[in-house]
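Visitor: I am new to this model and would like a close look at one part of it. Please take a single helix and go through its surroundings step by step.

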Amino acid sequence: MISRRRFLALSAGTALLPLFPSFVGCLHAAEMPSKLAVAGPPAPLTMPLARLGKQPGVTELVPTIDVKQWRNPDIMRTWIVSGEVSVVATPANAAAILYNKNVPVRLLDVNNGGILSVLSTDTAVTSFKSLKGKTIVVFYRGDIPDVITRYLLQKEGLNPDTDVTFSYVDSPFEALQMFLSKRADTVLLPEPAATAALMKGKSQGLAINQIVLQEIWERVTGRSSYIPLGATICQAALANDHPQLIQAITTAIGANVSWINAHPAEAAKEFAELFSLKAPVLQKSLERFPIRRTPAVEARKDLEFYYSALMEMSPKLVGGKLPDSAFYLG
């Protein structure tokens, strides 16, 4: 029971509330958005996010899911900084850079989306060490595809600045086209583009050697965990104001990963257009390289190892330091 004195105190306080409308707003939970904008690149790490609209746990809270696609990391950064999107599939290092630059984002999970491979029609290229003296076409200069290739070359005893020539293009699609048109004999490609190159090359009678960077990573680092190339981040305000929605999103992403891995044929039909590929190509890629995902807090140890590896190349690659514990939602 509230005493008379307590009642009068509360009444006096509430009588002043009209004078402080901002305070009144603080007494109410932030209104749930009617639309959620999410984004990702044309890579497998986007697929679980793009299926959020098929999960009732999410759509019961937010009826409209707007899925956008970025094809350049700079576009992704612009969208998240401006608030144009609320949840983004992104390179894991870009998530750290944003956070360390005081962009209010939080990490939901990491994954192996977009597994990288070196493909070559040069019969001499059978290992990373055999890239010495060769030219390799690489996309996203200065970003993770470029950096992780240089890191692994170093660990294999090569100097990436002098032993290998890097020829840069703007996108993996350009690298794929150069390879299939025989304008380049050695390229770095992500999934599912690498599988597309293998299947198309086979139909053209090309003998192609494939070096999967994940296998090199495991050997040179002694770690069996996957390279956490991809990540899912959200706006910190969304996490703070709507924890129920964030929980629904993370649960839905996990469920979508399980569904995609269990139904590669159906998933391929659903997302072939996203990658501008035929469904059988995407299906083959998903069968060869299932999506592996780890929630943020559970991934911290492996992610910090990965970030530390990148910092050996340049601290700028993760924004100068390891993100603190507030970065990891969970």
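Visitor: Which residues are exposed on the other side of α10?

Guide: E215 and R219 are the exposed residues on that side of α10. Before going further, note that this is a predicted model, in which local features need pLDDT of at least 70 and side-chain atom pairs count only at pLDDT 80 or more, while totals for chains, interfaces and linings use all residues. Residues are numbered from 1 along each chain as its sequence is written, and side-chain values use heavy atoms, with hydrogens and water left out.

Some terms come next. Helices (H or I, at least four residues) and strands (E, at least two) are DSSP runs, numbered from the N terminus. A residue is buried under 20% relative accessible area, exposed over 50% and partly exposed in between, using a 1.4 Å probe and protein chains only.

The protein chain has 15 helices and eleven strands. Its C-alpha atoms fill a box of roughly 90 × 40 × 30 Å along the principal axes. The chain has 330 residues, and 51% of them count as buried. Where a contact means heavy atoms within 4.5 Å, residues 24 or more positions apart make up 76% of the contacts in the chain with a separation of 6 or more.

Helix α10 covers residues 213-221. Its buried residues are L213, Q214, I216, W217 and T221. Seen down the axis of α10, these buried residues fall within an arc of 160°, so they line one face of the helix. That arc is taken from the directions from the helix axis to the C-beta atoms. An α-helix has 3.6 residues a turn, so residues three or four places apart point the same way. What do the buried residues of α10 pack against? They pack against β5 (116-120), α7, β8 (186-190), β9 (209-212) and α15 (296-313). Just after α10 comes G222, which takes a positive phi of about 75°.

Of these neighbours, α7 can be described in detail. Helix α7 (residues 144-155) packs with α10 at an angle of about 45°, and the two axes are 10 Å apart. Axes here are lines fitted to C-alpha atoms, for helices over the stretch in contact, and angles run from 0 to 180 degrees between N-to-C directions. Angles under 35 degrees count as roughly parallel, over 145 as roughly antiparallel, 65 to 115 as roughly perpendicular and the rest as oblique. The two helices α7 and α10 are therefore oblique to each other.

The crossing of α7 and α10 is left-handed, a term used when the near helix is turned anticlockwise from the far one by less than a right angle. From α7, residues I148, T149, Y151, L152 and K155 meet L213, I216, W217, V220 and T221 of α10. By class, the residues of this contact are seven nonpolar, two polar and one charged. Nonpolar covers Ala, Val, Leu, Ile, Met, Phe, Trp, Tyr, Cys and Pro, charged covers Asp, Glu, Lys and Arg, and the others, Gly among them, are polar.

T149 counts as buried because its relative accessibility is 1%. Not counting residues up to four places away in sequence, T149 touches F128, I144, F166, L188 and L213. Of these, L213 is also among the buried residues of α10, where the account began.
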